[in-house]
Amino acid sequence: MAKAKRLGLKERYSLMTRGLDWETTYQPMDEVFPYDKYEGIKIIDWDKWEDPFRLTMESYWKYQSEKERKLYAILDAFQQNNGQLNISDARYMNAVKLWLQGITPLEYAAHRGFAHAGRAFRGAGARVACQMQSIDELRHAQTQLHAFSHYNKFFNGMHGFAHLRDRAWYLSIPKSFFEDAMSAGPFEFVTSISFAFEYVLTNLLFMPFVSGAAYNGDMATTTFGFSAQSDESRHMTLGLEVVKFMLEQHEDNVPIVQAWLDKWFWRGYRLLGLVGTMMDYMLPKKVMSWKEAWEIYWEENGIALFHDLSRYGIRLPKYHEVATKEKTRVTHELWATLYQYGNALGLHTWVPEDEELDWMSEKYGDLFDTMYRPRLLFLREQEQAGNRYFNNRLPMVCQVCQIPVFYTEPDDPQKQCVRIVEWADTKHHCCSDGCADIFNREPEKFVQSLIPPQQIYRGDAGGARDIFEYAEWLHLKKDIDTGEYNGSPDHQNWEAWQSQQPTPQANSDEAA
Amino acid sequence: MSYQVTIEPLGDTIEVEEGQTILDAALRAGIWLPYACNHGLCGTCKVEVLEGEVEHNHASSFALMDIERDENKTLACCATLESDLVIEAEIDEEPDAAGYAVEDSVGVVARIEALTPTIKGIWLDVEGDGVAFQAGQYINLSIDGVEHPRAFSIASAPSQANSIELNIRLVDGGEATGFLHSQLAIGDRLSFTAPLGRFFVRKSAPEPVMFLAGGSGLSSPKSMILDLLEAGDSREITLLYGARNRAELYYYDLFSGLAADHANFTYRAALSDAAEDDSWDGPRGFVHELAAAYFGGNFAGHKAYLCGPPPMIDACITTLMQGRLFEEHIFMESFLTAADGAEPARRSALFKKF
């Protein structure tokens with residue numbers, strides 16, 4: 001059989017893209033690309049980089065513009081049909097608020113980070129991959145904002161995400177995560193974001209949010225999720241590629257990559273505590289528990305990945321066993337913290353309803369019934385007696401992950417876990433051995449962390465003297481944007497809208 | 001009802017059952033296609049349909065857009081077949097694949113020899129042009145009364161097209177191998193389909209080659225080495241073989257003789273279960289340990305061909321990678337029998353072939 005020789009897709013791509021860069025001659029390459037060596041990563045042959053995108057700019061624009069047209073057609077329909085009335089319950093909106101305030105700015109930060117990393121790599125393949133991802137991330141930030149913007153007309157606390165991002169104590173958790181990555185070198189940045197976060201932990205971030213949106217009737221977010229997921233595969237492939245590339249290029253890279261995986265596994269896990277809490281507490285209709293998600297996406301998939309990585313001499317990330325021990329606790333401990341600091345949050349908190357408590361008992365077992373249910377019931381009792389509890393002081397937060405130091409010892413759920421680290425005669429507090437190790441590895445970096453409570457006490461929050469003045473400085477209105485959900489304007493509006501609905505929407509709870 | 005899919009640029013043709021996805025069929029046939037989410041959302045497994053009709057099923061309209069549907073793209077993880085198909089996937093071409101057509105043949109048993117207490121050599125005479133195959137490939141042998149055909153690697157060199165040698169290990173309770181070991185007689189006729197498989201020497205790559213084999217995994221390497229030596233290939237060739245004990249060590253004299261005759265060929269064997277055996281003064285241990293010792297733990301700059309049971313392959317891959325030889329330089333044929341368990345261990349998307 002005589003077959004006409006045609007070029008393969010891979011070949012065609014390489015012919016179209018090969019040789020688009022050049023060795024500089026007016027300036028030495030090391031001057032043109034000053035950042036891709038100082039981390040110690042040794043690259044022998046940049047041509048071994050396997051381009052994970054294999055997309056020309058022309059087709060990239062074509063594809064992305066069709067995605068946009070589809071997405072915005074659905075968002076238009078959603079808005080015209082008053083889609084906000086179809087969500088499961090107004091409490092769900094707090095998941096959206098947390099995402100808008102905490103995660104959407106990360107998409108924008110990723111856009112900046114990948115633009116920077118792309119400029120830093122001397123290999124053209126890595127540069128192009130980072131450039132496209134940078135554009136993707138900008139698009140994700142924009143489309144998320146557009147998807148959420150409709151809700152801003154109907155619910156409180158969504159009016160100033162950009163203002164909040166640089167000022168709110170709880171948003172320094174995601175913000176510091178990304179700024180740590182962006183202020184690292186280009187290889188560490190791509191390892192942290194593309195591999196640790198987007199590959200290893202991505203399902204723990206996207207699954208609860210997008211499936212959670214679908215379960216709770218949020219058409220806008222669900223559609224955004226689908227549109228983004230078709231990009232995420234490229235991002236995940238970039239993460240895999242960069243790690244394999246570093247590990248295969250030189251054996252000296254192995255311990256450096258290992259240290260980054262240790263660090264970014266733990267930082268990613270700590271950040272995901274917020275997402276887990278959203279899953280367990282903020283979704284009126286639950287998708288799965290944090291514990292179940294951890295078991296599937298880390299204990300099964302994540303461990304299988306590290307088993308494969310062990311062939312490169314990479315071991316499981318440090319303290320992964322601590323994260324697994326904490327799986328029955330983190331979300332309950334974090335919700336209790338958000339609940340008590342509710343006066344300085346741009347979202348509402350509450351005690352879950354009885355059926356939700358029963359769901360938690362089923363998912364979390366004895367520990368929930370002995371430790372967390374009684375506390376939640378006590379808080380509910382107090383609230384119903386007109387004595388809703390708020391802790392109107394400022395928390396001590398971890399020097400690394402910036403989460404208040406409230407988690408408990410890995411082997412004792414009744415004992416607060418605090419680690420004190422010292423550098424240049426100054427003591428700093430960490431929430432865990434994982435964060436303490438990260439501090440001790442780069443103390444010069446982490447002593448520079450801007451810690452919100454310290455800044456507030458120094459008068460850097462507009463001179464605020466207490467938590468209420470601080471909330472005003474955040475542009476959050478007391479008991480409207482902040483505080484308890486029950487009786488809040490969001491709650492009252494929701495009840496009013498439901499009673500005016502021509503079709504009995506209230507039944508949707510039972511139908512599902 | 002099933003259809004056939006030809007996958008370019010490999011040119012391999014595989015069977016796809018009704019309702020089975022292209023991706024599922026390809027992976028089961030040992031052909032790796034890029035994929036990630038496996039349920040139509042991410043678009044990693046996008047392929048181009050060159051000929052034929054597919055049903056896109058539940059491919060997301062964001063992962064497979066209208067313009068792409070118009071351009072005959074589909075998602076391999078969702079697409080099912082409406083006709084025979086030719087697709088093109090983003091995979092590397094194999095310049096060294098000979099691409100012999102798969103044919104049905106009949107062989108007459110000409111010789112049966114006990115190579116070890118558990119391995120029999122069986123020679124099949126094939127009339128006419130014989131069997132055109134690439135050294136390293138296998139045949140699917142049909143046995144009357146046994147439901148599915150069984151795969152056996154060809155142990156003879158491609159130059160012997162009319163006499164096909166198979167080395168068959170007796171599988172505990174194995175229906176097919178039980179028959180072949182106890183009832184097969186000279187003059188019996190056996191039908192088979194050949195040649196199959198993507199295990200062959202990448203001759204265009206200049207690097208020295210090493211073969212790591214265990215148990216009855218010696219068949220393919222034997223054919224490949226004979227083929228290289230017959231062609232006068234001058235690169236360095238190393239065969240490291242692991243058997244349990246002296247009685248299971250076969251073709252020792254053949255390979256020792258070849259090593260004596262060819263300066264570029266080296267042969268070493270290790271026994272893993274010969275503690276009591278004073279007559280063996282060679283290396284002891286598993287083949288991956290033999291390899292680490294022989295190459296001093298550094299394999300960079302080689303091409304490695306692995307053939308044997310899954311645990312052996314697994315240990316060898318780890319050893320090779322720790323010695324700085326990575327996936328693109330490692331080729332393998334892993335034997336799974338029904339007794340080994342059909343479900344492979346859970347794995348990640350880190351590697352394409354492993």
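In the predicted model, B:Pro9 is found in the loop between β1 and β2 of chain B. The peptide bond that joins B:Glu8 to B:Pro9 is cis, with an omega of about 5°.

Elsewhere in chain B, strand β12 (residues 163-169) is mostly covered, with six of its seven residues buried. Strand β9 of chain B (residues 119-125) is joined to β12(B) by seven bridges, and the two run antiparallel. One of the residues paired in this way is B:Lys120, whose bridge partner in β12(B) is B:Ile168. A cis peptide bond is also present between B:Ala194 and B:Pro195, with omega near -5°; B:Pro195 lies in strand β13 of chain B, which spans residues 189-196.

In chain A, helix α7 (residues 172-182) is largely enclosed by the rest of the structure, because nine of its 11 residues are buried. Among them are A:Pro174, A:Lys175, A:Phe177, A:Phe178 and A:Ala181. The buried residues of α7(A) pack against α4, α6, α8, α11 and α19 of chain A. The axes of α4(A) and α7(A) are 10 Å apart and meet at an angle of about 5°; the two helices are therefore roughly parallel to each other. The residues of this contact divide into eight nonpolar, three polar and two charged. On the α4(A) side they include A:Ile103, A:Leu106 and A:His116, and on the α7(A) side they include A:Pro174, A:Phe178 and A:Met182.

Between the chains, 28 residues of chain A are in contact with 30 residues of chain B. On the chain A side, α1, α3, α10 and α12 each supply at least two residues, and α10(A) provides the largest share, with 10 residues. The residues on this side divide into nine nonpolar, seven polar and 12 charged.

Two residues have a positive phi although neither is a glycine: A:Asp425, at about 65°, and B:Tyr251, at about 60°. A:Asp425 is found in the loop between β3 and β4 of chain A, and B:Tyr251 in the loop between β15 and α5 of chain B. A:Asp425 is exposed, with 5 other C-beta atoms within 10 Å. B:Tyr251 has 22 C-beta neighbours inside 10 Å and so counts as buried, the cut-off for a buried residue being 20 or more.

Technical notes:
Residues numbered from 1 in each chain as written. Chains lettered and ligands numbered in written order. Predicted model: local features only at pLDDT ≥ 70, side-chain atom pairs only at ≥ 80, totals over all residues. Buried ≥ 20, exposed ≤ 12 C-beta atoms within 10 Å, placed from the backbone. Helix = DSSP H or I, 4+ residues; strand = E, 2+ residues; numbered from the N terminus. Pairing = 2+ DSSP bridges. Contact = placed C-beta atoms within 7 Å. Axes fitted to C-alpha atoms, helices over the stretch in contact; angles between N-to-C directions. Parallel < 35°, antiparallel > 145°, perpendicular 65-115°, else oblique. Nonpolar A, V, L, I, M, F, W, Y, C, P; charged D, E, K, R; others polar.
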